[in-house]
Every structure is written in structure tokens, then in C-alpha cells.
2 protein chains.
Amino acid sequence: MRLAEARVAIEGVNLEIDGGRFAAKVVAGREVAVQADIFCDGHDSIDAAVLHRPRGAEDWTEVRMEFLVNDRWQARVTFAENAFHELTFIAWRDLYTTWRKEVAKKLAAGQKIDLELEEGRRLLQSVETAGPEDRALVDRILAEDGADQEAGARFARMSSPEAVAAMKRCAPRTNLTCYRILPVFADREAAAFSAWYEMMPRSQSDDPERHGTFDDVIRKLPYVRDLGFDVLYFTPIHPIGRVNRKGRNNSLTPAPDDPGSPYAIGSEEGGHDAIHPELGDFESFGRLVEAAHAHGLEIALDFAIQCAPDHPWIREHPEWFDWRPDGTIKFAENPPKKYEDIVNVHFYRGALPELWYALRDVVLFWVEKGVKIFRVDNPHTKPFPFWEWMIGEVQSQHPDVIFLAEAFTRPKVMKRLAKVGYGQSYSYFTWRNTKAELIDYLTELTTEDCRHYMRPNFFANTPDINPVYLQHSGRPGFRVRLALAATLGGNYGLYNGYEICEATPVPGKEEYFNSEKYQLRAWDFDQPGHIQDDIRLMNHIRRTHPAMRDFTRLRFYDAHNDSVLAYGKSTEDKQDFLLFHVNLDPHAARTFEFEVPLWEFGLPDDASVEVEDLLNGNRFTWHGKWQWLELDPQTRPYAVWRLYAPGMPR
Amino acid sequence: MRLAEARVAIEGVNLEIDGGRFAAKVVAGREVAVQADIFCDGHDSIDAAVLHRPRGAEDWTEVRMEFLVNDRWQARVTFAENAFHELTFIAWRDLYTTWRKEVAKKLAAGQKIDLELEEGRRLLQSVETAGPEDRALVDRILAEDGADQEAGARFARMSSPEAVAAMKRCAPRTNLTCYRILPVFADREAAAFSAWYEMMPRSQSDDPERHGTFDDVIRKLPYVRDLGFDVLYFTPIHPIGRVNRKGRNNSLTPAPDDPGSPYAIGSEEGGHDAIHPELGDFESFGRLVEAAHAHGLEIALDFAIQCAPDHPWIREHPEWFDWRPDGTIKFAENPPKKYEDIVNVHFYRGALPELWYALRDVVLFWVEKGVKIFRVDNPHTKPFPFWEWMIGEVQSQHPDVIFLAEAFTRPKVMKRLAKVGYGQSYSYFTWRNTKAELIDYLTELTTEDCRHYMRPNFFANTPDINPVYLQHSGRPGFRVRLALAATLGGNYGLYNGYEICEATPVPGKEEYFNSEKYQLRAWDFDQPGHIQDDIRLMNHIRRTHPAMRDFTRLRFYDAHNDSVLAYGKSTEDKQDFLLFHVNLDPHAARTFEFEVPLWEFGLPDDASVEVEDLLNGNRFTWHGKWQWLELDPQTRPYAVWRLYAPGMPR
């Protein structure tokens, strides 16, 4: 008869991922709406609360829920601590409210309620534990009540707002029902809201003939910070293999001084826990990390598990690799493509568990060096259970560590990686260019279940992806894709060169010509045509507008042009309300009618709102719901408006 | 490191209800598509199977799955036995298929594959257990293979269809991953597909002055059977209370000979396990059950838990009831409405567990008397845990027992009752009249998750519901709602009087005037204007067309008229394909263009199909996708077509 204990039905929990198999993700300190369907048999009133606590804590924090509609209940909950948490629900029958509502109806219908008043007295008498104020109030009501008094007055006393509130707090919880415990992980905010800038440290000497060093990078920090970024992300900084090293443009015939791909990790100089000697050493790396923090920047490292053929692990741990019948190790390939400069570990057979421990320890090693963000290369080609275990291990000790999954793969695989613990995920944004594509994809990301566990990072380009759109769009397209990435994404990223609209491809491919992956480069980011102003503006808007912090608070609006995307972001209270228009066509001006979302402020279609143009600071008034705008890719490919409803502080 | 064992991701199971908390429902002996998202890290090939067994059995039945699209896998599974079952999934990496595909690509790219062929040999050698034929085949391939042979020929031998099929069967299952066990209940088909006819036995004497008996009902069986129904359902047949008995039209002033509501159960003559003496006794009830079975009809009884004030339980078990401060029991009410002739039991405090046992035993008592279907009155006002426990107890002994939930209440409550075990559910069909309402509601029922646990029973009317639509529609509307109920619903029902278009309301209410609930009635179902022919036709189509048996196999089609609903039902192989047109407007003829769903047969828009008019047997040909039709409510309010694609047997 254990079943009998669960009289109140609790189901449809919004933060329950795969039946509680995986943790939902929230942001520590940021209020989240926790919802569930809660109902009981019959027509009696019920009440419900969310319980939550950091994992391992004894006491629960209780947050009373409120009824929304159609048996849906909600509580606004803040998980304060950056940690794993537990979440559950309790619900119970609220006999006093049931009594009060029934008696009110009978009184209104002119029915006799003497017996009901006596029943009300008994409910008040049933209070066993209460704070002193509630206790005093309940006792006073009972003392003042008398069977000789007028029924309506007696009921009014028993059903006063104070009495009802006290009974909500202290009445027995009849048929108390508990839900099962669900896992929640509260990340620090950078997991959900961050602007990334990607560079290769070796290309920071400003001299294509000289290998850059960590000290060169330190000199670039003011530039990156001035652009407004939060995270500075480096491709791998480890020793690079010499065996089968790749030459410029991925050739198999490297020149003697070609540096090789930093993704071919490991040589006799060390592996994943070593620093490529030409970059510097742990001392200069430590200085770099400190200098970055002093500039308000975090360093993110690349975690790429593959090994160059001369990685020390191959000699030390042959059981971690796939050996072929001829005694060689299979190099990485995606037939017929070959990656001769790397071999992959395997994760099972002889590699389990020692390799798992070793990889976890590599991450912990860099955490000790001050790195708290890891962009993980190709995680979809390594086992999900490894990630779930490894990320769990690391975050149990260091909940502030964030992992970004660089997985451009099938949708369910990408989502699974997010479920097993990745705090950020590469996304399809990079290839979503049309209005319909962007609306469909963003609607999925911001409204479907995945919003509770997957946080996309909208990279506009990467060293591996020189998007076709940008190859043909010229400077206007770079401004467009920047604006989209920065304002649609909670997290977004640019790979250096973006600010000067670099887009020279390997012909016919989405790859960069003379890619930094295979050679040193020197960059001049101040050359004519750079878009540093746009980047600075976008990052400024992101930093100064709370509406930007939760990327799921996105709404699309009507703009009568197939190339114009219109959308808004706002805080819950609408005090910070931004409206965006982006002309997706980098080649032609578009003039269009658009709707001003007056209804979001509860205003009629003929109302007026004050508007601030965040690009130039102008302020004016829109009268009425429909307005006209032109966006010319050469001058203004996008617009950002702040709307002030009547009565709002300016 | 337990996690490591689950290398293959298995999720998104279509038959998983609330994370496995509740059983999915299937029909014993009817094939069902079991689906899950299954994928692994990397690009290796995988394979998967469904495992299932009756609960308590030791051995699993394995059904190999096939890949559909986007990481979705499916198996067609038949749960043969009417019983509780267990369902799970296994998946593994298929190294031989991975090997075969990689080598084929290398061969096509002209690469050397000697090493790969040796790896293939090792995979063949890894077979440990195999049937004699597979063993012989694998041994022969290895024996015939030689390093001196031409590589392409060697690969062809190793990758022959026979070799691949054998390896699918007997190769080791690498990284075998098991899902958790999910519950499934396989009902007999009547739970999902049945036509109900409801009557009050006491009104079957054909004389309003004489109380009907079970023998009177026996005389009606040929009529009910001739109409084509499967289930004959009676309102309660128990002794009726005398205290606070209701008079005609729900009055509080009954005449001495008024029979009272059969829902006021219990008097000094007995309670839920007794028979109202004027109806007969257990002997005549037994004869009735047998005679019904002989006619191919099943008897369904009403299970209404409330008690008349003179029910024996009140004296015998005062602890099962709510006593008020004045020593009375609260009668049922929904303030300000009062139901003076009944009191409700409560299910907790003193009533737990003895009342639960007693109620279960009432059901088992009637099961012993040959009743296997129970329509349960107002289940939503009794605790969900009671139903879950009680239905589980009954079906563990008698899996062929079916419970229909008479719960006209909020959507999530209705769904929860289905989840906790009800095999059929009353639905909102009774109030869904317009084209948009019907499409929305049927789309929800047939495509959303609830299709795996909730089976609506589309009652067109009930003793409690005289729908407004029928009050104003006249005979054409009765034909329309019959056609909709019978062809949209897997289960549907009519309450007697429907066949003569009875719709006299209590003014302003959805109730019948002179309702049988409070008085005896005599019916003449052969009076002019009856629609017995329509009922007979609908039930004939249901019985003879396999397309009708799974109500979720519904598709809506275009018909260019807001009052015309067009839809189809078909078997998976399209051999039985029915197209329906219903004019929802009972007052005006509608002429409209409609689409012939040629694409369902893979035919182009200008193709022809042969058509049979199932109302009159005419056969002809439709040429092209768009056709015209007129439906006149007075003559033909609906049409039913059988479509034959070219090459199908006629």
C-alpha cells in the first residue's frame, strides 16, 4: 500500500531530463521558473512547494509554488551556489482553503452554515505546530468565535486574509506527497553568458617569421579586452609531434621549419600536460593567466584527446591504443580522408580505467594552473560515459569548470553531450543564414526541452570553418553575422581575423587558405575596413543590458520582408526591452514595415513608445504598432532599439 | 565505473510513459512499432534489439531493430499475451559492419587493404558462439581466404550478403548496452476497439408501468446484436436506497412508486454485491450474461462507488465515511448543488486499507459472475493511488478485465487516470463539433504521447449528456455524430434512444427530460425516423475493415469547405484504405472540392484510383487528385469510400 502515500499527482516537471537520468542546468544566483503539473482527485484545494538543496546538504530550502493554469504550478527558485543540487516537489491537500471556498459558496447561496462553522473551528484546532504569531492568531480567532454570533460575521473572521495566510503556513499538510529527487547543476554565469575570442598564441608575434610566445599574447590582452570579450580561447599549447607532421595548407610535405598542427599533440618534449617550448613555459603561462584575469579575461584551453605518433603515451601506455596486425597504430581517418599526424586512443579494453584517470588528471592539472574553461575537440568521437564520468569528477571538486563541446555532428548526439555534462555546445548557428532557418533553429533552442540542458555557443567562424556565407558577403555580412551571434546567443565566439573580414577560402571548401593550423601568421587588425566598432558595440550591449543574459528570453516579431529578422529580448519585468532588426541580405538594402510589440507592455495598437537607437543614441517616439525602416548593408545592416513603455524610468 | 557499461546511448523511447513510472498500453496480438533513439560515439556502425517478456517470465524474446532516420530505430513487436509485460532495449557496436563499410570505401578509393583484410579475418575468428550453419559459413570463408589472392575477391567473399547476415547473428556484441526495464500492459483488443450500447435494464419491459427484468433484457439482445454492437452496458443494477430517494426529473419529492436513481446504491436489500430485486436475481443475471455471450455480446457493468444513505456499509463500516460534528454523514455536493441521495466514502484514515480491499473484492465478485468490463462512475473524485492499486490487483489475476473511466474533467486528470490503469477513457469528443475542434482534438489523441496510454471511448450521448448539438440538429445531426463517433473512435458508444434521435432536454441544460435516471421508460426504437440502418452500416464497416481497428492510424485530408471533415484510415500496407467525408452542418447541403490522397499509394496527382461507395456499393473511378462532392444532410450527410490503388485485389 506504499502507493497510497502518493495521493497528489506530480508530473510534467520542466527541469526533469529523461526522467531524472540527467541533471537540468541552471545558472547559480539566477532565478529560474520551476514548473510541474500538480493535481489531486476531486475538487479540493491543494498546495505545493519546491524543495531544493546543494547535493550533500541535509536541509531543504522550501519555496511555495503558485497555480498558473490547467493544473500547472510554478515556483521561482534561485539555486544560489555554483554546485550540484537536488530538487524535488511536495504537495498536499489544503483542507482549510477547501472549507473556506465551499462555505463561501453556501453563504452566497443563502444556505445554513452552522455545521460548516463548527467544522472550520475543528480545522483551526487541528493546528499542531506554528510560529508564535500564527499560534496567537489562531487562538484569538477561536476565542472570539461563538455559536451565538451571526454566521456571516463568524465566517468573515475565520476567512480573513490574515487567518488564511496563517493557515497556509501552519495547517497540517494532509496527504503530503513527495516527488522523487531530481539532479540539477547550477553553473556559474559564464557557462550561459560569455563572449569568446579565439586565437593561436603562436601567431601573436606580429612577425610571420617569429613563433609567438605567451608574452606576445600578454601584449594583446588590452586589445581583446577593449573589444569587450570575456573569454580568450587558445588552440592547443602543447608540444607538437614531428612524425607525419603536416605542412602548410594541410600538405604531407612539410618544410623543415613548418610548425605543424597544434592538434597533433605530443612529442618527446611532452604531451597533454606539457607546454610547447617555443610558446614559453609554466612560468610565462602563469603570468599570462594572471594578466588575463587582471584584464577581466578568462583563459580557455583546448582539450584535444588525440596524440601525435610521437606522444609519450604511446610508448608508456601501448594498451591505450589500437594496434594493427602489422604492429602499427591506426592513424585517424574518416575514409577515404586520412589524418596521418594523429592517432586516437581507445577508451575500453586495456585503456579502462587508467586512461580515464589520466585524462581527468590532465584537466585537473590545467585547472590547478588557473584554467577553468575547456573547449573540447571532437567530443562526439569519444564515449559519452567517459564524458559523464570525467565532467562529474572534475565538477565535484571544481564546479566552476566549464566544458564546451566542439561537436558539429547529428542533433541527438549534440544534445546527448549536453546532457552528460557539457556546459556549452557548438551549434548549427554557423550554417543557419536565412530568416526561416534562424527562426526555426532558435525556436527549437529556446523553447524545446533542450533549453534546460543545452547552451549553444554561437561561433560565427572557427579555424576549421570559413562559412560560405562570409566568403561571399563582404564586410556587411561580417557585421550581420556578428550581430546575430552576439544578440541571439547567450554565448558567442569569434575566431581572430573576423574583425578584418578575413574569408579567403581553400577553393571550394569551408576552410581558410593559409590556415594558422599549419603555419604562423601575422595579423593587422587595424587595417581599413575592420569592424572593431561593431564588436565593441555588441559586447557593450551584452554587458550593460540584463535582457541579454538569458538567451531563451527571445521573441520573434513580424517584419514584412523575407530578408529581415526582427526579434526582441527583455527582462521579465520589461524594464530592459531591446528590439533588433537585422538585414540578412549583405548585398541589397531592404525597406520594410515592422511591428512594434506594444502588446508586450500591455499597450493598445495605437499607443506610443519612446525609443532609443542604441547605435547612435538618438531618442524619439514611435506612434502606433506599424513602423517603417530601411536597412542598407553598406551603412546600417542592423538596428538595435531600446523601448521604454510609458511610465518607465529613462 | 558502472557508467562505462552504457557506451551506446538509448533514449527517447516511444513506449516510455513518465520515465517508466507507468505502463504503456498495447493490444495483445497486434503488432506495434517500438522506437527509440539509439546512437554511439564516433562513426562506427551499431545494431540494436528490443527485448520483451511477460512479467514473471524468465526468458526474453529478442526482436532486432532497424534504423529509420536521424538516429531513430524501430522494431515491430507483437506482445502475444494479454498480460503485463516487460520491455527493454539492447544495443552494441557492430565491428564487422564498421569494418566492411570502411574497407569498401578504401577499395573504392584505390587504397591498399591488405592489413584491413587481415583485420577482417580476425573479426571472423572472434566468433565464439554460433549456430551450426553460421559456424560452417564463417569457417568456410576463413578456409577459402588466402593472402595470395586478389584483394577485391577476398573482400567480396568476406562481405557477401550471407557473410554479413551470419555475422549480424553471431558476431560478438561489443560494448553491449542495456536499457532499463519498462512496463507495458497488453490488453485484449476490446479495450482498444469496441462499440458500446448503453441501456437501463429496468426500462426494457416495453411498459412504463412495469419494472424491467434481466429476462426483458435477454429479449432485447437480438436487437442490440443486429445493430452490430460488441458491448452492452448497464447502469447500476444494485438495490436502490430509499432514504432521500429522488423523484422524476431529479425532484426531492418522489412519488411512492418512483424507482429512484440507480446511482443511489444500497439499501437494506444489499449494496454493491447485490442485485436490485425487481431486476431479478443471480440466477437470471447469469442467464443474461450467458445469453449475451451466445449473441457475441459482452456485458459491461457500472462501478459507482457512492452509497445511498441506507447502504449496509454505513452501518457496518462507519469508519469509511465522513461524519460531521452533528453525527450525520455529509452527502455529496458540488456547492451550491446537492446530491442528497448519496454519500461518498473516503479512502484514507479509517478506510485504508479495508475499504480498498472491499472495493477490489466487489469488482472480483462481478468478474466471477462473468463481467469483464466495468464503466467506472466519476473516477476522478477518487484517489489515483486507489485506482492504480485496484486495477493492478484485478488485472494481475484477470488481465482481460477492462475499466472505462467516466471522467469528464480536466485534461491532465483524464490522462492520469489512463496512466494509472484505465483501459478506456471518456473523452471530450462529445463536445467537439466543428471541423477545427475535431482536427485539433483527434490530432492530440492520435499523435501525442497520450496515444500510448489513453484510449478514448467516443460516446455520442449518455444518460447524463444530451449534447446541445443534438438538441438542435434533428435526425441529420444524429447521423453525423454517429458517423464521427464510429469512424474516428477506436471505441465508441451510444446510449439508447439515440437510434430514434431522442433529444428532449431539461430546458437550458444538457440533460434529458424525463430521464431514465429517475423513472421507468418504455422505448419504441422502430418508430419512423430511426437511424438503425446507419448504426448497422457503421458497425459493419468497423467489423469488416481492418483499417478501423487502430484509431491512431488517422489522417486528415483537405476538403475545401469549413463544414466538411475529410479523413482516412488505412492498414499499414494500404490494402484496406477508407476515405470519409462528413458534413458537420446538419442544416445545409455542402458542395466542395476534396483531395484524393493519391500520394498515400505513391501515385502522382494525375493518377486514377478505383473507388467503392460503401453506402450503396457503387464502384467507379476517380481521375486525378481533385474531385467534387455534395453532401446533403437530409439525404447523405456523410460518405465512406474504399480506395483501391492500381494493382490491388478488388
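Copies are superposed by least squares on the C-alpha atoms of residues with pLDDT of at least 70 in both. The model is predicted: local features need pLDDT of at least 70, side-chain atom pairs count only at pLDDT 80 or more, and totals for chains, interfaces and linings use all residues. Residues are numbered from 1 along each chain as its sequence is written, chains are lettered from A in the order in which they are written, and side-chain values use heavy atoms, with hydrogens and water left out.

**Exercise 1. State which rotation superposes chain A on chain B, and name the relation.**

Step 1. Chain A is brought onto chain B by a rotation of 180° with 0.1 Å of shift along its axis, at an RMSD of 0.0 Å.
Step 2. This is therefore the relation of a two-fold axis.
Step 3. In chain A, the C-alpha nearest the axis belongs to A:Gly19, at 2.2 Å from it.
Step 4. Both copies use the same surface, since 100% of the contact residues of chain A recur in chain B (contact means heavy atoms within 4.5 Å).

**Exercise 2. Decide whether B:Asp37 and B:Arg72 are buried or exposed.**

Step 1. Buried means under 20% relative accessible area, exposed over 50%, and partly exposed in between (1.4 Å probe, protein chains only).
Step 2. The side chains of B:Asp37 and B:Arg72 form a salt bridge at 3.0 Å, N to O.
Step 3. This pair links distant parts of the chain, 35 residues apart: B:Asp37 is in strand S3 (residues 31–39) and B:Arg72 in strand S7 (residues 72–78) of chain B.
Step 4. Both B:Asp37 and B:Arg72 are buried.

**Exercise 3. Explain why B:Asp533 and B:Arg536 are separated by about one helical turn.**

Step 1. The closest N and O atoms of this salt bridge between B:Asp533 and B:Arg536 are 2.9 Å apart.
Step 2. The separation is about one helical turn because the two are three residues apart in helix H14 (residues 532–544) of chain B.
Step 3. B:Asp533 is exposed at 54%, whereas B:Arg536 is partly exposed at 26%.

Definitions and conventions:
Salt bridge = Lys/Arg side-chain N within 4 Å of Asp/Glu carboxyl O. Helix = DSSP H or I, 4+ residues; strand = E, 2+ residues; numbered from the N terminus.
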